[in-house]
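Here is my note on this model, written point by point. Please keep the structure open while you read.

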Amino acid sequence: MCWRAQADTVAGGVVVVVGVACLVRVHRAGRPERLLLAAVPLVLGLHQLIEALVWLGTDGGLSAAPAAAARTAWAVIALPLLPVLVPAGVWSASAGPRRRLLAAFTLLGAGVAVPLAVAVAARPVAATVHGHTLGYAVGIPHPAALTAGYFLATVGSLLASGDRLLRRLGLVIGAGAVVCALLWRLAFASTWCALAALAALLLLRWAGHSPDAEPGRRITHPAP
């Protein structure tokens with residue numbers, strides 16, 4: 001998980017490898033519509049590696065400027081990027097009548113991302129050690145509303161997918177968010193992002209499996 005720089009480095013490295021494998025599987029399967037969502041594990045793995053640099057900054061192992069850049073990069077991925085990337089990826093990988101609903105989740109994610117991006121750009125991102133976790137301070141306006149919109153866009157889009165593996169991923173990440181909020185309130189963002197990175201391993205299986213059929217829709221496969 002995210003207990004120290006070494007743990008983040010190992011976890012991030014593993015998830016990066018899995019992320020590359022996801023992209024390779026999607027490419028070999030000839031499913032370019034899945035590339036966006038298949039890139040999520042790679043992004044989350046890099047996110048964990050960035051947090052290893054944040055840890056080094058808190059320990060004095062990294063000078064001020066690189067440490068500040070690492071904190072900002074971490075916040076950019078965690079806050080404005082994920083609520084757009086996840087629902088957009090689910091929308092791109094889906095077909096049938098669900099695409100309208102998933103497009104609404106994507107628009108919601110974009111609406112949440114704008115004030116989050118402004119908050120990250122407006123002031124320096126701070127990181128504080130809380131035991132074996134990191135707490136980030138960004139100064140987000142209307143945190144309750146934006147947090148609700150964030151999770152509705154990300155977890156909601158996965159649960160609304162017609163693919164059972166994506167729905168399972170949504171359940172795992174949603175349950176993980178509840179656990180992280182209860183156990184690590186001061187470091188919720190950090191611990192939830194670490195759990196999301198590990199849960200994204202489920203996407204490796206999804207990247208190579210055949211899509212579930214929508215009601216009334218047949219799945220055909222090209223002839224070899």
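Predicted model: local features only at pLDDT ≥ 70, side-chain atom pairs only at ≥ 80, totals over all residues.

1. Start with Pro-41. Leaving out residues up to four places away in sequence, Pro-41 touches Val-15, Gly-19, Cys-22, Ala-200 and Leu-203. The residue sits in helix 3, which covers residues 40-58.

2. Is Pro-41 buried or exposed? Its relative accessible area is 0%. The cut-off for buried is under 20%. Pro-41 is therefore buried.

3. Now step back to the whole chain. The protein chain has 9 helices and 2 strands. Along the sequence, the pattern reads α-α-α-α-α-β-β-α-α-α-α. The chain has 224 residues, and 44% of them count as buried. Take the contacts in the chain with a separation of 6 or more: 72% of them come from residues 24 or more positions apart.

4. Next, look at Ala-199. This residue belongs to helix 8, residues 188-199. Ala-199 is buried, because its relative accessible area is 8% and the cut-off is under 20%. Which residues does Ala-199 touch, not counting those up to four places away in sequence? They are Leu-169, Val-172 and Ile-173. Val-172 is 27 residues from Ala-199 along the chain, with 7.0 Å between the two C-alpha atoms.

5. Turn to helix 4 (residues 64-93) and helix 5 (residues 98-122). They pack at an angle of about 170°, and their axes are 7 Å apart. Angles over 145 degrees count as roughly antiparallel. Helix 4 and helix 5 are therefore roughly antiparallel to each other.

6. What makes up this contact? On the helix 4 side, the residues include Thr-72, Leu-79, Pro-83, Pro-87 and Trp-91. On the helix 5 side, they include Arg-99, Leu-102, Phe-105, Gly-109 and Leu-116. The residues of the contact divide into 18 nonpolar, 4 polar and 1 charged.

7. Check the helix lengths. Helix 4 has 30 residues. From first C-alpha to last it reaches 41 Å, close to the 44 Å expected at 1.5 Å a residue. Helix 4 also bends by about 60° at Leu-81. A proline, Pro-83, follows within four residues. For helix 5, the 25 residues should span 36 Å at 1.5 Å a residue. The end C-alpha atoms of helix 5 are 37 Å apart, which agrees.

8. Which residues of helix 5 are buried? They are Leu-102, Phe-105, Thr-106, Gly-109, Val-112, Ala-113, Leu-116, Ala-119 and Val-120. Look at the spacing of these numbers. An α-helix has 3.6 residues a turn, so residues three or four places apart point the same way. The buried residues of helix 5 pack against helix 4 and helix 6 (143-160).

9. Finish with His-142. This residue lies in the loop between strand 2 (133-137) and helix 6. Its phi is positive, about 45°, although His-142 is not a glycine. Is His-142 buried or exposed? Its relative accessibility is 65%. The cut-off for exposed is over 50%, so His-142 counts as exposed.

Terms used
Residues numbered from 1 in each chain as written. Heavy atoms only, no water. Axes fitted to C-alpha atoms, helices over the stretch in contact; angles between N-to-C directions. Parallel < 35°, antiparallel > 145°, perpendicular 65-115°, else oblique. Contact = heavy atoms within 4.5 Å. Nonpolar A, V, L, I, M, F, W, Y, C, P; charged D, E, K, R; others polar. Expected span 1.5 Å × (residues − 1). Bend = angle between axes of the 7 residues up to and from the residue. Buried < 20%, exposed > 50% of the residue type's maximum accessible area, 1.4 Å probe, protein only.
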